[in-house]
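Here is a short briefing on the two-chain model shown below. Read it alongside the sequence and the 3D view.

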Amino acid sequence: MRPIPPGLRKALVRVAMALAAVALIFGLWNLVIVVFDLKPYALPTPQAAVAADADNWSVLAGLTLQTVEETAYGFFIGALVGFLLGVAMSASRTVQRLVYPALITSQAVPIVAMAAPLVILFGFGMLPKLVIVAWTVFFPVVVNVLDGLANIDPDLIRLSRAMGARPLRGFIHIRLPATLSPLFSGLKIGATYAVTGAVIGEWTASAQQGLGTYLQTANASLDTQGVFGATILLTAIGVASFLAMVAAESLATPWRTRTTARRGLRLRTGFSAARPRPAYPSRHKIGE
Amino acid sequence: MVEDVTCRFEGTLALDHLSLEVDRSEFVSIVGPSGCGKSTLFNTISGLLRPACGRVMLDGRDVTGETGHVGYMLQKDLLVPWRTVVGNIVLGAALTRGVTRRDREEAEALATRYGLGDFLHHYPHALSGGMRQRVALMRTLALHKDVLLLDEPFGALDSQTRLEMQMWLLSVCEDLNATILFVTHDVDEAIFLADRVVVMSGRPGRVLEEIPIPLPRPRDLEALTAPRFIELKRQALGLLHGAGSEVPT
Ligand SMILES: Nc1ncnc2c1ncn2[C@@H]1O[C@H](COP(=O)(O)OP(=O)(O)OP(=O)(O)O)[C@@H](O)[C@H]1O
Ligand SMILES: [Mg+2]
């Protein structure tokens with residue numbers, strides 16, 4: 001048998017562990033049903049819930065897509081707003097003192113309470129739902145970006161000043177990269193919140209069908225299999241969003257996991273248009 | 001070069017009417033007790049800090065409080081973790097005018113020349129302490145300034161690596177024509193590298209004594225144990241520890 005390369009092997013082990021975790025949860029779920037002798041209408045088995053999803057997939061596919069769209073768009077809007085707010089707030093103490101209390105207040109307002117005014121403002125379309133999702137996502141992003149920008153080594157700022165750095169270049173090359181890791185911490189939290197935001201949005205401010213509204217209907221008709229089927233799908237969306245952020249993070253911050261720069265990134269330092277000079281043959285063929 | 005500089009931090013007097021003249025291409029080591037204001041002096045020369053009074057003159061030009069005139073290597077290596085070795089060396093260009101192909105090629109040539117050819121595209125976390133220090137120094141060299149301020153560049157290294165780095169710096173200096181101000185706690189290092197050793201007093205910092213180092217160049221390990229070296233060392237140590245009787249006159 002050919003030996004498996006260590007990188008692939010590591011990845012396989014991690015996938016196996018994740019699957020084992022899911023299996024464990026499903027096992028416990030079954031155990032609870034057996035031990036407490038629960039009837040299927042009270043708590044269906046996860047297999048039954050998944051099977052219900054599969055049977056009903058022709059309907060559910062469209063609903064899932066709808067909810068995924070709300071989650072994704074709302075997440076991006078929230079992340080962008082959060083990032084820009086964080087940067088703006090870090091630029092000026094006055095802005096920060098002014099805006100921070102407002103941010104905290106915004107999170108204390110029950111989202112459900114905002115639904116009615118949002119619907120009155122924006123109607124029953126996509127927009128109020130996106131606002132609700134973005135509303136839940138932007139807060140952890142702002143807080144983490146602010147922390148990241150505040151915690152940059154002051155000596156690094158001093159060094160860049162001593163080098164005569166231009167403000168914009170200093171921002172791009174020092175402050176921005178230093179914010180990436182905390183930014184992704186915020187994005188990971190936000191990604192898991194986003195689905196909940198989408199469901200609340202569908203319940204309170206929607207005429208369109210999505211997994212959230214499906215969940216509501218199933219609940220009203222005591223269709224517990226449908227309820228758990230939808231819940232499993234929603235959970236899967238949340239987990240997938242989180243994993244997408246983990247993947248994006250490892251792409252965006254290669255220095256945290258890699259020893260050498262990726263090949264494609266190596267030439268980046270020399271992108272300018274100056275003529276190639278044969279006197280100095282440039283080399284970039286160093287092994288990993 | 002530095003005239004009559006005084007610096008205060010909220011009540012603490014860090015530098016007290018300190019004056020220091022440095023010739024072109026001279027290597028001056030600065031020693032002094034911890035907290036005597038050596039880093040403060042460098043912050044002043046580099047323009048990061050505006051002195052309460054006094055001026056910083058560079059080639060007859062008043063540059064007090066202006067940054068970007070000298071190459072300054074701070075007490076920590078401060079490599080940015082998201083840039084590779086080459087990326088870190090060209091940081092100065094990236095922060096001021098944008099990196100050109102030429103900058104990158106020069107950085108690669110520098111790194112290759114000084115023993116980091118196999119690590120051009122490594123991230124700093126994958127380098128040893130000595131390598132990081134070398135990269136930080138190359139980054140300072142790549143700024144192409146006539147004056148370099150090096151604040152305890154080898155402070156964090158073990159004595160073996162430290163000695164290697166000192167030899168390396170000597171060889172760099174031979175290639176270079178820069179004026180270098182070098183802060184260290186190590187009297188051996190100060191004498192081994194410099195044309196002149198400036199001994200500073202405890203806080204508030206003043207120049208206590210300037211010791212010319214007439215040891216011939218190029219210097220090698222032999223120089224460290226030469227009788228002349230020992231004599232200079234005794235003089236410097238005597239001044240540093242305030243024991244006037246030990247100072248041979
Ligand atoms: N930002 C600051 N705010 C207040 N006091 C400061 C500041 N920077 C330095 N000082 C004070 O100024 C004095 C000189 O500090 P400096 O860092 O220049 O000393 P140093 O000679 O470089 O010491 P070391 O050898 O330990 O690096 C110290 O007493 C320090 O407490
Ligand atoms: Mg210091």
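**Burial, fold and confidence**

Of the 288 residues in chain A, 38% are buried. In chain B, 56% of the 249 residues count as buried. This is a predicted model. Its scores are ipTM 0.84 and pTM 0.81.

**Chain A: overall form**

- Chain A has eleven helices and zero strands. Its pattern along the sequence is α-α-α-α-α-α-α-α-α-α-α.
- The radius of gyration of chain A is 24 Å, whereas a compact globule of 288 residues would have one near 19 Å.
- Along the principal axes, the C-alpha atoms of chain A fill a box of roughly 80 × 65 × 35 Å.
- Take the contacts in chain A with a separation of 6 or more: 74% of them are between residues 24 or more positions apart.
- About 16,400 Å² of chain A is accessible surface, and carbon and sulfur atoms hold 70% of that area.

**Chain B: overall form**

- Chain B contains eight helices and ten strands.
- The radius of gyration of chain B is 18 Å, which agrees with the value near 18 Å for a compact globule of 249 residues.
- The C-alpha atoms of chain B occupy a box of roughly 55 × 45 × 30 Å along the principal axes.
- Of the contacts in chain B between residues at least 6 apart in sequence, 65% link residues at least 24 apart.
- Chain B exposes about 10,300 Å², and 48% of this comes from carbon and sulfur atoms.
- The 26 positive and 33 negative charges of chain B have mean positions 5 Å apart.

**Confidence by chain**

- Chain A has an average pLDDT of 86, and 91% of its residues score at least 70.
- Residues 267-288 of chain A stay under 50 in pLDDT; the model gives this stretch 45 contacts beyond four places in sequence.
- Chain B also averages a pLDDT of 86. There, 93% of the residues score at least 70.
- The pLDDT of chain B is below 50 over residues 243-249, and this stretch has six contacts in the model beyond near neighbours in sequence.

**Helix H9 of chain A and the residue after it**

- Helix H9 of chain A spans residues 211-220. Its buried residues are A:Leu211, A:Gly212, A:Thr213, A:Tyr214, A:Leu215 and A:Ala218.
- These buried residues pack against three helices of chain A: H3 (57-91), H8 (167-205) and H10 (224-252).
- A:Leu222 follows H9 of chain A and sits in the loop between H9 and H10.
- The phi of A:Leu222 is positive, near 55 degrees, and the residue is not glycine.
- Is A:Leu222 buried or exposed? A:Leu222 counts as exposed because its relative accessibility is 71%, and the cut-off for exposed is over 50%.

**Other backbone features**

- Most residues other than glycine have a negative phi, and most peptide bonds are trans.
- A:Asp37 has a positive phi near 50 degrees. A:Asp37 lies in the loop between helix H1 (6-35) and helix H2 (46-55) of chain A.
- A:Asp37 counts as exposed, at 54% relative accessibility.
- The peptide bond from B:Arg217 to B:Pro218 is cis, with omega near -5 degrees.
- B:Pro218 belongs to the loop between strand E10 (207-212) and helix H8 (227-240) of chain B.

**Two loop residues of chain B**

- B:Leu78 is in the loop between strand E6 (71-73) and helix H2 (85-89) of chain B.
- With a relative accessible area of 7%, B:Leu78 is buried.
- Which residues does B:Leu78 touch, not counting those up to four places away in sequence? They are A:Asp153, A:Asp155, A:Leu156, A:Leu159 and B:Arg139.
- B:Leu78 and B:Asn88 are ten residues apart in sequence, with 9.6 Å between their C-alpha atoms.
- B:Gly115 is in the loop between helix H4 (101-113) and helix H5 (129-141) of chain B.
- B:Gly115 is partly exposed, with a relative accessible area of 48%.
- B:Gly115 and B:Trp168 are 53 residues apart along the chain, and 9.9 Å separates their C-alpha atoms.

Conventions:
Residues numbered from 1 in each chain as written. Chains lettered and ligands numbered in written order. Predicted model: local features only at pLDDT ≥ 70, side-chain atom pairs only at ≥ 80, totals over all residues. Heavy atoms only, no water. Helix = DSSP H or I, 4+ residues; strand = E, 2+ residues; numbered from the N terminus. Rg over C-alpha atoms; globule rule 2.2 N^0.38 Å. Buried < 20%, exposed > 50% of the residue type's maximum accessible area, 1.4 Å probe, protein only. Contact = heavy atoms within 4.5 Å. Areas by Shrake-Rupley, 256 points an atom, 1.4 Å probe, with all protein chains shown as cover. pLDDT = per-residue confidence, 0-100. Lys, Arg positive; Asp, Glu negative; His and termini not counted. Charge placed at Lys NZ, Arg CZ, Asp CG, Glu CD.
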